[in-house]
Amino acid sequence: MRSASTVRTATGSSLLDDYSLEMTAKDVPKLEEAHDTIPRGTRIHVTFLGNEDLRQRLDAARAVKRLGFVPVPHISARRLGSRDDFERFLAGLRADGTADNVFLVGGDPAHPEGPYADALSLIDTGLLREYGVRHVGIAGYPEGHPAIDGPALWSALRDKHAALAAQPLEAGVITQFGFDAGTALAWVAEVRRRGVGLPIRIGVPGPAGVRRLLAYAARFGVGTSASVVKKYGLSLTNLMGTAGPDRFLHALAAAHDPGRHGELKIHFYTFGGLGATSEWAARFRKESLA
């Protein structure tokens with residue numbers, strides 16, 4: 001296996017620099033424990049879960065900022081019960097100085113809890129700029145979505161791109177995680193072919209147990225064929241093992257063509273293992289600079 005420094009050379013870009021991380025509002029103690037291993041200025045996403053409330057979400061964004069990182073609060077359209085709920089969250093972020101960057105997602109509920117069915121409906125309110133948002137992240141799905149067909153996903157990406165450009169707001173795409181670098185890059189190439197030039201962060205699972213990774217993959221519709229998981233370093237017969245994204249990143253670097261794919265960065269889904277992911281990333285970065 002090639003060293004991390006070879007990965008940097010192979011990309012011809014900053015693939016391994018300026019990665020982003022994901023946490024839940026309840027992960028603040030884990031962030032405090034791990035903050036010395038995370039580069040200052042790292043973008044840290046705070047998810048919008050149904051079992052967390054407004055206070056927890058705002059407190060988490062404040063903690064991210066206090067520790068020297070860039071908070072990226074998520075806003076789940078289908079979990080907002082009303083326009084007032086949306087405005088209260090945005091107003092709280094603005095008051096705390098944490099509204100610059102947000103990430104919009106439709107969310108898990110099968111039926112909206114209020115007036116917003118998807119991320120586009122949040123953009124179309126015009127409230128984001130009004131409350132000080134400058135950069136908006138939107139989702140991409142290299143392996144599709146378990147509840148949305150392919151044509152609808154492409155239409156949604158196109159429409160969100162156009163709506164953000166019209167406001168105008170800066171934007172970027174973060175993909176759902178996967179285990180096949182080739183599939184991710186093929187999707188990126190198709191995004192570029194369709195005229196969407198937004199920056200893209202490729203979603204990667206942080207180091208975790210095989211059983212946990214496969215459970216999340218099943219939940220989000222991520223492919224787990226024997227050949228794919230073997231390439232990634234997972235074993236369907238050894239569910240007690242663990243795996244990190246080393247092989248995925250090497251494969252991504254080897255096939256990444258900046259002229260075709262543009263500049264790519266990495267977004268780590270930590271799955272509760274914020275400390276393990278940040279420590280792994282710190283080791284990987286150290287090797288890359290050796």
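How much space lies in the second largest pocket? In this predicted model, the second largest pocket holds about 220 Å³ of space. Its lining is made up of 18 residues, and R43, H135, G172, P199 and R201 are the closest to the pocket centre. Several strands contribute to this lining: β2 (43-46), β4, β5 (135-140), β6 (170-175), β7 and β10 (264-269) each provide at least two residues. The largest share, four residues, is that of β6. Sorted by class, the lining of the second largest pocket contains 10 nonpolar, four polar and four charged residues.

Two cavities of 30 Å³ or more are present, and the largest cavity has a volume of about 90 Å³. The largest cavity is lined by 16 residues, and those nearest its centre are P142, E143, Q176, F177 and G178. Helix α8 (181-193) and strand β7 (200-205) each give at least two residues to the lining of the largest cavity. Strand β7 likewise supplies at least two residues to the lining of the second largest pocket. The lining of the largest cavity consists of seven nonpolar, seven polar and two charged residues.

The protein chain as a whole contains 13 helices and 10 strands. Of its 290 residues, 49% are buried. Among contacts between residues at least 6 apart in sequence, 80% join residues at least 24 apart. The accessible surface of the chain comes to about 12700 Å², and carbon and sulfur atoms account for 51% of that surface.

The buried residues of α4 are F86, E87, F89, L90, G92 and L93. In an α-helix there are 3.6 residues a turn, so residues three or four places apart point the same way. The cover over the buried residues of α4 includes the helices α3 (54-66), α5 (119-123) and α6 (127-130), together with the strands β3 (70-76) and β4 (101-105). Strand β4 also contributes at least two residues to the lining of the second largest pocket.

Individual residues were then considered. L249 is located in helix α11, which runs over residues 246-255. With a relative accessible area of 1%, L249 falls under the 20% limit and therefore counts as buried. L249 and Y232 are 17 residues apart in sequence, and their C-alpha atoms are 9.5 Å apart in space.

Two features of the backbone occur in loops. A cis peptide bond joins Q167 and P168, with omega at about -15°. P168 is placed in the loop between α7 (150-166) and β6. D18 has a phi near 55°, which is a positive value in a residue other than glycine. D18 belongs to the loop between α1 (4-11) and β1 (20-23). The relative accessibility of D18 is 36%, so this residue counts as partly exposed.

How values were computed: Residues are numbered from 1 along each chain as its sequence is written. This is a predicted model: local features need pLDDT of at least 70, side-chain atom pairs count only at pLDDT 80 or more; totals for chains, interfaces and linings use all residues. Side-chain values use heavy atoms; hydrogens and water are left out. On a 1 Å grid over the protein atoms alone, a cavity is a set of points where a 1.4 Å probe fits but cannot get out, and a pocket is an open set with protein on both sides within 12 Å along at least five of seven lines; lining residues have an atom within 4 Å of a point. Grid points are joined across faces, edges and corners, and a volume is the space filled by probe spheres set on the points. Ala, Val, Leu, Ile, Met, Phe, Trp, Tyr, Cys and Pro count as nonpolar, Asp, Glu, Lys and Arg as charged, and the others, Gly among them, as polar. Buried means under 20% relative accessible area, exposed over 50%, partly exposed in between (1.4 Å probe, protein chains only). Contact means heavy atoms within 4.5 Å. Accessible areas come from the Shrake-Rupley method with a 1.4 Å probe; for residues, only the protein chains shown count as cover.
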